Amino acid sequence: MKVAQAKLELIKPDEVNMDEYKRWHKEYRIFRETTMLILIGLELFQNKSYVEALLYLIYGYQYNKDLLSRGPYRGHDEELISHYRRECFLKLNEKAAIMFESGDVEKVGNGLTLMNELIVPCLPMLLADEIEEKDIIAVEDMRNRWCSYLGQEMEPCLQEKLTDFLPKLLDCSTEIKGFNDPPKLPTFSTHELCERFARIMLSLSRTPADGR
């Protein structure tokens, strides 16, 4: 980030083509926004605020993928972002499944709302990259978990809710659709952004990976 900023400071409008000058500014802005999305998403994940973290990690991953398509050094570590995005999905799915298993009508409703309004609309993001085998396996694990409830005894009202929900989980399109606007980003100075990003990366390096 510091390298990109230094390059922009050295470029003067009267020394270069204005189109190129504007392009650099635009790409630097996108890089900053991507970095902020990833940073905030990872910080929220570490604080176990998984609902809030998911959108930041989803958009951070998508923005970063676009940056990397322009060159291998234009963005951040795609595998790391993918890992925490996937973990966020799995933790939220686990939370929703536990709510459903409780049998409590209110908790069941809250769990299915979490799935319908957040998890299911986001699944196409995980299924978009067929080369991401770990993401595909994670989605299949989610589906298998919910399908396993079909063979269990439960109240008729819960059975009805389950049979209404399952087609949405199983038949979700791989087409990515806009379901939410990107999260609003705060204003960080370059110094603060660099320091916080370095701090979260150091913190993650000390956290054992689970291999998923």
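The model is predicted, so local features need pLDDT of at least 70 and side-chain atom pairs count only at pLDDT 80 or more, while totals for chains, interfaces and linings use all residues. Residues are numbered from 1 along each chain as its sequence is written, and side-chain values use heavy atoms, with hydrogens and water left out.

Take helices H3 (residues 50-68) and H4 (residues 78-102) to begin with: they pack at an angle of about 150°, and their axes are 9 Å apart. Helices here are DSSP runs (H or I, at least four residues), numbered from the N terminus; axes are lines fitted to C-alpha atoms over the stretch in contact, with angles running from 0 to 180 degrees between N-to-C directions. The angle makes H3 roughly antiparallel to H4, a label for angles over 145 degrees. On the H3 side, the contact (heavy atoms within 4.5 Å) is made by residues including Tyr50, Leu54, Leu57 and Tyr61. H4 brings in, among them, Ile81, Tyr84, Cys88 and Phe89. Sorted by class, this contact has 13 nonpolar, three polar and four charged residues. Nonpolar covers Ala, Val, Leu, Ile, Met, Phe, Trp, Tyr, Cys and Pro, charged covers Asp, Glu, Lys and Arg, and polar takes in the others, Gly among them.

Helix H5 (residues 105-127) and H7 run quite another way, packing at an angle of about 5° with axes 10 Å apart. That makes H5 roughly parallel to H7, the term for angles under 35 degrees. H5 makes this contact through Val108, Leu112, Met115, Asn116, Val120 and Leu123, and H7 through Leu158, Lys161, Phe165, Lys168 and Leu169. The tally is eight nonpolar, one polar and two charged residues.

Also in H5 sits Pro121. Because its relative accessibility is 26%, Pro121 counts as partly exposed, that is, between buried (under 20% relative accessible area) and exposed (over 50%), with a 1.4 Å probe and protein chains only. Its C-alpha atom is 9.3 Å from that of Lys168, 47 residues apart along the chain.

As for aromatic pairs (ring centres within 6.5 Å, using the six-membered ring of Trp), the count comes to seven. One of them joins Trp146 and Phe165 edge-to-face (planes over 60 degrees apart), at 5.1 Å centre to centre and 65° between the planes. Together with Phe100 and Tyr149, Trp146 and Phe165 form one aromatic cluster.

Conventions. Helices (H or I, at least four residues) and strands (E, at least two) are DSSP runs, numbered from the N terminus. Angles under 35 degrees count as roughly parallel, over 145 as roughly antiparallel, 65 to 115 as roughly perpendicular and the rest as oblique. Rings of Phe, Tyr and Trp (its six-membered ring) pair if their centres lie within 6.5 Å; planes under 30 degrees apart count as stacked, over 60 as edge-to-face and the rest as tilted.
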